[in-house]
Amino acid sequence: MSPKKKDAKKAMPETEAEEETAEEPVVDLLVGKEEPEKPKDKVAKELAGEPGAMDEEIERELREKELAMWAPRTKLGEMVRKGEVKSLSDVLAMGIPIKEVEIVDSLLPDLEEEIIDVGRVQRVTDSGRRMKFRIVAVIGNKNGYVGIGEAKGKEAGPTIRKAIERAKLNVCEIKRGCGSWECNCGKPHTVPFKVGGRYGSVHIAIMPAPSGVGLVANDTGKKVLSLAGLTDAWVSSDGHTRTTLNLAHALIDALVNTNYIKVKDRDIKNLAVMKGSGSNEK
Ligand SMILES: [Zn+2]
């Protein structure tokens, strides 16, 4: 993003409807005007007490320990714990809402997370103004699974954790492939065909791109698509794409739509269609 664009973003706070009141970018408040603007995910990590600084290995060990102590509260959780359901693809095919984050953690151990938006929501009450954080998180295994979650709360750390948890519970399976006639490499590095998505006023399209093009999208687009496992794609959009939340939702809507386009048997091979993390779609 060019510096010019950044200024434009600052000057125009997000206008997304908020029942409570208006929302302003949080960055100025947190970082101070003298310092250069930090990326939002860094701000979020600092707010949460720098979990990002934690050693990856320690983080993984902690997660494993938590999973070892997991006492499932739902039937689906029990089935996963016992190993009766072995893949997230199978869980999603059951059509049962996932209510325990451990289900996702144990079936997708390589999940990564990104805080894509940190907002501030002000509420005016009789006793004055009260401030809440609004955090948007996206999770993905960079291999066919992606999810988005939003949370609001008074304290940054717990709100971030809640947003990540919700993103995990909202995990979606997508289809990848090589739908680029210029490429035709047979690997699932882009979308298998052009897909559209929408959310609020935002309409987007994701188009297959040949290998090596990279993700031609803004920051939010790059984060969402790479967490889903795409390495090349062209994204076009219109509407209020400055609203990170709506844009991210529209992108995920488009990725999920890869599941609803009928593919002829011969094209499954031609387009190298892959569902989720593996096994070619039948
Ligand atoms: Zn290709």
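Two strands are counted as a pair if DSSP finds at least two bridges between them. I kept this rule at hand while reading the model, which is a predicted one.

**Entry 1: strands 3, 4 and 5**

I looked up strand 4 and strand 5 (residues 172-173) and found that they pair in the antiparallel sense over 2 bridges. I noted that C172 in strand 5 is the bridge partner of V146. I then turned to the pairing of strand 3 (residues 128-140) with strand 4 (residues 145-153), which is antiparallel and made by 8 bridges. In this pairing I located V138, which stands opposite I148 in strand 4. I recalled that strands of a sheet pair through backbone hydrogen bonds, either parallel or antiparallel. The hairpin of strand 3 and strand 4 has 4 residues between the strands, and K142 there takes a positive phi near 55 degrees.

**Entry 2: helix 8**

I asked how far apart the end C-alpha atoms of helix 8 (residues 156-169) are. They are 20 Å apart, and this agrees with the span of 20 Å that its 14 residues should have at 1.5 Å a residue. The expected span is 1.5 Å times one less than the number of residues. I also listed the buried residues of helix 8, which are A156, T159, I160, A163, I164, A167 and K168.

I traced an open sheet of 4 strands, whose order is 7-8-10-9 and whose pairing is mixed. Which strands stand at the edges? I found strand 7 (195-199) and strand 9 (215-216) there; each has a single partner strand, so one side of each is left without a neighbour in the sheet. Strand 8 (residues 202-207) and strand 10 (residues 233-238) run antiparallel and are joined by 5 bridges. I recorded S237 in strand 10 as the bridge partner of I204. Helix 10 packs on this sheet, where it touches strand 7, strand 8 and strand 10. The direction of helix 10 makes about 145 degrees with that of strand 7.

**Entry 3: helices 9 and 10**

I followed helix 10 (residues 244-256) to its contact with helix 9 (residues 219-228); the two pack at an angle of about 35 degrees, with their axes 10 Å apart. Their crossing is right-handed. On the side of helix 9, I listed T220, G221, V224, L225 and A228; these meet T244, L247, A248, L251, I252 and L255 in helix 10. By class, this contact has 8 nonpolar, 3 polar and no charged residues.

**Entry 4: two positive phi angles**

I reminded myself that most residues other than glycine have a negative phi. N184 is not a glycine, yet its phi is positive, at about 55 degrees. I placed N184 in the loop between strand 6 (175-176) and strand 7. A272 is not a glycine either, and its phi is positive, at about 50 degrees. This residue lies in the loop between helix 11 (265-270) and strand 11 (274-275).

Are these residues buried or partly exposed? I used the cut-off that a buried residue has 20 or more other C-beta atoms within 10 Å of its own. N184 has 14 within 10 Å, so it is partly exposed. A272 has 21 within 10 Å and is therefore buried.

**Entry 5: the whole chain**

Of its 282 residues, 37% are buried. Among contacts between residues at least 6 apart in sequence, 62% join residues at least 24 apart.

Note on methods: Residues are numbered from 1 along each chain as its sequence is written. This is a predicted model: local features need pLDDT of at least 70, side-chain atom pairs count only at pLDDT 80 or more; totals for chains, interfaces and linings use all residues. Axes are lines fitted to C-alpha atoms, for helices over the stretch in contact, and angles run from 0 to 180 degrees between N-to-C directions. A crossing is left-handed if the near helix is turned anticlockwise from the far one by less than a right angle, and right-handed if clockwise. Two residues are in contact if their C-beta atoms, placed from the backbone, lie within 7 Å. Ala, Val, Leu, Ile, Met, Phe, Trp, Tyr, Cys and Pro count as nonpolar, Asp, Glu, Lys and Arg as charged, and the others, Gly among them, as polar. A residue is buried if 20 or more other C-beta atoms lie within 10 Å of its own, exposed if 12 or fewer, and partly exposed in between; C-beta atoms are placed from the backbone.
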